[in-house]
Amino acid sequence: MKHLILLFTLLLTLPMTAQETQDPAVLLHHQPTVCIGYVSYDSALAAMPQQAIVQQQVQQLREAYDRELQRTEKEFNQKYEAFLDGMKDFPRTILLKRQNELQQLLQQNLEFKRKGRADLRKAEQEAMEPLRQQLKAVIAKVAKKYALTLVVNTDSNACPFIDTDLSVDINKEVVELLNAESAEDGKQ
């Protein structure tokens, strides 16, 4: 019976305690301070020395695809011109055969072009991934240094307004730390 009375008393006092903590002044007083930083992700990536190497590798790959595309287009054009030149002299069966060959060649060229673009995008993404991971790690280091709760990427006009009095611009420090890490990697 004593346990039942004690339990009943506890249950009656709990709602009052919960109501007391719903007071906005008390809640605001106990809220953690939110510190926000901001950085241009694209600018930080562009400042990385390794990014130029990645872009050069991707450009070389793009040029190789372009050369092959030009070669296949030249081959197609030569066959098409030969087809046009002999079209009036070909018997119907040869004419249809050559038309089918040209159609297949055209489809293959279009497929190569589509696949080449996809391969280039994938190659660039894969080549940039280590740089993005390094940038994320550096941003996390700087954010922890300043006890930031959130770091906002200012690229693509995603943040039309940032109150610079209530936030921290970490662009310069992120770039400096990235360059320091790159120089350290270069020594190893």
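The predicted model contains an open sheet of 3 strands, ordered β2-β1-β3 with parallel pairing; two strands are taken to pair if DSSP finds at least two bridges between them. Strand β1 (residues 36-39) runs parallel to β2 and is joined to β2 by 4 bridges; G37 stands opposite V151 in β2. Helices (H or I, at least four residues) and strands (E, at least two) are DSSP runs numbered from the N terminus.

Residues are numbered from 1 along each chain as its sequence is written. In this predicted model, local features need pLDDT of at least 70, side-chain atom pairs count only at pLDDT 80 or more, and totals for chains, interfaces and linings use all residues, while side-chain values use heavy atoms, with hydrogens and water left out.

Helix α5 (residues 92-145) comprises 54 residues and reaches 79 Å from its first C-alpha to its last, close to the 80 Å expected at 1.5 Å a residue; the expected span is 1.5 Å times one less than the number of residues. A kink of about 35° lies at E129 in α5, shortly before the proline P130, the bend being the angle between axes fitted to the seven residues ending there and the seven starting there.

In the loop between α5 and β2, A147 has a positive phi of about 55° although it is not a glycine. At 52% relative accessibility, A147 counts as exposed (buried means under 20% relative accessible area, exposed over 50%, partly exposed in between; 1.4 Å probe, protein chains only). S156, in the loop between β2 and β3, likewise has a positive phi, near 60°, and is exposed at a relative accessible area of 73%. By contrast, S182 in helix α6 (residues 171-187) is buried, at 13%. Leaving aside neighbours within four places in sequence, S182 is in contact (heavy atoms within 4.5 Å) with P49, Q50 and Q134.

The mean pLDDT of the protein is 83, and 81% of its residues reach 70 or more; pLDDT is the predictor's confidence in each residue, from 0 to 100. Among the elements, helix α1 (residues 2-21) has the lowest mean pLDDT (44) and α5 the highest (94).
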